Amino acid sequence: MVIRALAALVRRDLALAARVGGSGALSLVFFLMIVAVVPFALGPDLNLLSRIGPSILWLAAVLATLIGLDRLFQADEEDGSLDLMTGAPVPLELVVLAKVLAHWLTTGLPLALASPLFGLLVALDGTAMGATALTLLIGTPALTFVGAVGAALTASIRRGGLILAVVVLPLMIPTLIFGVSASQAASGGTVPFATPLIILAALSLIAAVIGTLAAAAALRWSE
Amino acid sequence: MRLTASDLAVRRSGRRIFSDLSFTLGPGEALMVTGRNGAGKSTLLALLAGRLKPDAGTIRVEDVGEATLAECLHVVGHRDGLKSPLTARENLAFARDLLGAPTAEPREALEELGLVHALDLPVAYLSAGQRRRVALARLLVCRRPLWLLDEPTAALDTASQAVLARLMARHLGEGGLVVAATHQSLGLENARELTIGGAAPAPRAAPATEVWW
């Protein structure tokens, strides 16, 4: 029964993201805009671009994750769906987990999948492209789970997007550091690729546990 | 199930809403909560739904096994819990799967409320009264013994009010409980009435509830 409830939740959030006004495409387009504009700002130096390309992609990914995060719980809080979820025979932690998973599937995953394509815009070679996509795939769950805590804290604040960004951005920096260092280690350097990648995976796992518990606690507290 | 509230008191933003509120509700019993605007009717329902914590007093449920109070109740209030982009069918199917203990298909529930033609329409296209009827259809898609209704007749036409009265009577007949905050008669026989708050307080400056951002 728990599985059925959680599957319904994930299915509903995926359907909502796909409908008009959903946040699914928004963060992807925002990601594309940053990546497309940076080469114009830096000028036509291909060596420079390909050296800082992974950093640009990661920076864009962090900022794109922030877009749409504020509606993660706020939309449900406003229309009363959150009351429905607290009344479900499922722990609130699992509700949060299902919602964050659906959110990652509609924002983080498309970002990681599209990053090789966007890597072309910043003159990445094949290895760097694959490495960046892999690090984004492993690292974006950490961004989403960290962001979920901020989203839960600001769920009952109208126009809380700014506070959310201020609260959450510092907590995303470790993920950013290890994400970028892993993608740079793939195309040379003294550190083997696996070392920062494993730390990145660990960050995602830690964020999944702490983020879920903290977001559920924040939702309970705000009630 | 049996619901017992004793000596409830609640404050919101430092202001006392009500205190020393007690009632007991057994199977097949309905409670109409009345009172002037701002007396605390919705606050009482929020307490029962578990969204607010009382400052004093207790709320107990008996004869429900291991379920908590929040798992025994349906809430239909001003915030209807419907997602505008989704169709009525999707909204009801979601509620049924999330809340468990399904009893009816979304189509059957909407048929009872005379809204079957809206089954595959996005809820955003519906009028306020039709939206409310979709929210009320949620009461039928899965079984929960306690119905918490906050002004259920708001925006409903007279025919739908009669349908709602029939549904509530049937629910009570099956041993359910109904707590409804309302300003008008809901057409229920032998419903008890609980009036919150006495005379209206002297008007005073409203506290600033809006924060600056």
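Strands here are DSSP E runs of at least two residues, helices are H or I runs of at least four, and both are numbered from the N terminus. Two strands pair if DSSP finds at least two bridges between them.

This is a predicted model, in which local features need pLDDT of at least 70 and side-chain atom pairs count only at pLDDT 80 or more, while totals for chains, interfaces and linings use all residues. Residues are numbered from 1 along each chain as its sequence is written, and chains are lettered from A and ligands numbered from 1 in the order in which they are written.

**Antiparallel sheet, chain B**

- B:Ala5 sits opposite B:Phe23 of strand 2.
- The open sheet has 3 strands in the order 2-1-4, with antiparallel pairing.
- Strand 2 (15–25) and strand 4 (56–62) of chain B are at the edges with a single partner strand each, so one side of each has no neighbour in the sheet.
- From one strand to the next, the twist averages 15 degrees.
- Helix 1 (residues 41–49) of chain B packs on this sheet and touches strand 1, strand 2 and strand 4. Its direction makes about 120 degrees with that of strand 1. Contact means C-beta atoms, placed from the backbone, within 7 Å. Axes are lines fitted to C-alpha atoms, for helices over the stretch in contact, and angles run from 0 to 180 degrees between N-to-C directions.

**Parallel sheet, chain B**

- A second open sheet has 5 strands in the order 5-6-7-3-8, with parallel pairing.
- Strand 5 and strand 8 (192–195) of chain B are its edge strands, each pairing on one side only.
- Neighbouring strands are turned by 15 degrees against each other on average, direction ignored.
- Strand 5 (residues 73–76) and strand 6 of chain B share 4 bridges. B:His74 has B:Trp147 as its bridge partner in strand 6.
- Strand 6 and strand 7 (residues 177–181) of chain B are joined by 5 bridges. B:Leu149 has B:Ala180 as its partner in strand 7.
- Between strand 6 and strand 7 of chain B, the chain passes through helix 5 (residues 158–173) in a right-handed β-α-β crossover. Right-handed means that, with the strands pointing away from the viewer, the path from the first strand over the helix to the second runs clockwise.
- Helix 5 of chain B lies across strand 3, strand 6 and strand 7, at about 145 degrees to strand 7.
- Strand 3 (residues 30–34) of chain B meets strand 7 through 4 bridges. There, B:Val33 is partnered by B:Ala181.

**Burial of strand 6**

- In strand 6 (residues 146–150) of chain B, 5 of 5 residues are buried. Buried means 20 or more other C-beta atoms within 10 Å of the residue's own, with C-beta atoms placed from the backbone.
- One side carries B:Leu146, B:Leu148 and B:Asp150, the other B:Trp147 and B:Leu149.

**Interface and core**

- The contact takes 23 residues from chain B and 23 residues from chain A.
- Helix 2 of chain B gives the most to the side of chain B that touches chain A, with 6 residues.
- A:Ala152, B:Leu98 and B:Leu148 touch the most other members of the largest nonpolar core, which has 123 residues. Such a core is a set of buried Ala, Val, Leu, Ile, Met, Phe, Trp, Tyr and Cys residues joined through C-beta atoms within 7 Å.
- Helix 8 (residues 126–153) of chain A gives this core its largest share, 15 residues.

Note on methods: Contact = placed C-beta atoms within 7 Å. Buried ≥ 20, exposed ≤ 12 C-beta atoms within 10 Å, placed from the backbone.
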